Amino acid sequence: MQSLKLNLDKAYSYKLFMLVAFSLFASVMYQGHIQQGGIYSILFFAALALCAFQIASTVYVTFIKRTIDINIDDTFISWYFSDNNKNNKEVKIKLEDIKDIKTEINYLLGNFYSSFQVTFLLNDDSEIVLTDGITYDFGLKKSEEVCKFLLDNDLGEQQDIKFAQLIKELNIDTSKTNQKFTKKVGSSYYVGIISDNRKEFLSLRIQIETLYDDYKKVEKNVNNEYLVASDTIKDSHIHLKSNAIGLFVEFYNVSRKQELKTLKELGKRKKIGF
């Protein structure tokens, strides 16, 4: 059995940010509450309630330490939260019942950590979600630890697992940033990049769009994944994916034109595409 135990962050900065935001909103709604009432009054009191919640949760986390224990063996993955060493209900899932796993790190205003969740999609199409909730945070670093722990046990999305396996095969030290490594496996050519620059994904995507203009059929286009296929070449695609470890590109049955470059190789450009 492999285990991971983490202390969740108390998220004081996030609570302060939200308290200020709700306070400003309440001050704006107050004028409408005094002059017109109705919906303005409802929004005003709702904003006050949210301010009170932020204050109460700040007091709560000051005195209560929350931890999470995640365990994986040959049959199950399980986890439970503990508040001051008092264990909450354990969640347990059979590995054979898992159809897919999606991890998501959300940001507020672009680069300010907001929340983290792992969604386990089961064979019966039901979902079980592991998340940090609204009072505590995993935080960016601990979210990445959870993602890496799952991938080390071959739990995650298909492309993420391929990336983790490639790192193991090539014995890559992921603690060192600004790395690029490649490998040819059958019809696939893999490019892995370890970088702490969040613009790296956008840079790689622009290079793919520029170099491979015959790949215009967009099959996936989200904030951490870009998959394009060719209308003329059957069974051929380029798949870009970022995760907690780094960035991974798979060229499947593609005649490559040149190597993709990291931002460092491009000259450490500060702005890409805008």
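Biologist: Which residues does Ser 236 touch, not counting those up to four places away in sequence?

Modeller: This is a predicted model, where local features need pLDDT of at least 70, side-chain atom pairs count only at pLDDT 80 or more, and totals for chains, interfaces and linings use all residues. Residues are numbered from 1 along each chain as its sequence is written, and side-chain values use heavy atoms, without hydrogens and water. Contact means heavy atoms within 4.5 Å. On that basis Ser 236 touches Tyr 215, Ala 229, Ser 230, Tyr 252, Asn 253 and Val 254.

Biologist: Is Ser 236 buried or exposed?

Modeller: The cut-offs are under 20% relative accessible area for buried, over 50% for exposed, and partly exposed in between (1.4 Å probe, protein chains only). Ser 236 has 4% relative accessibility, so Ser 236 counts as buried.

Biologist: Which side chain makes a polar contact of 2.6 Å with that of Ser 236?

Modeller: A polar contact is a pair of N or O atoms within 3.5 Å; within protein, one must be able to donate a hydrogen and the other to accept it, and residues adjacent in sequence count only if both atoms are side-chain atoms. The backbone oxygen of Asn 253 lies 2.8 Å from a polar atom of the Ser 236 side chain. The 2.6 Å side-chain partner is Tyr 215.
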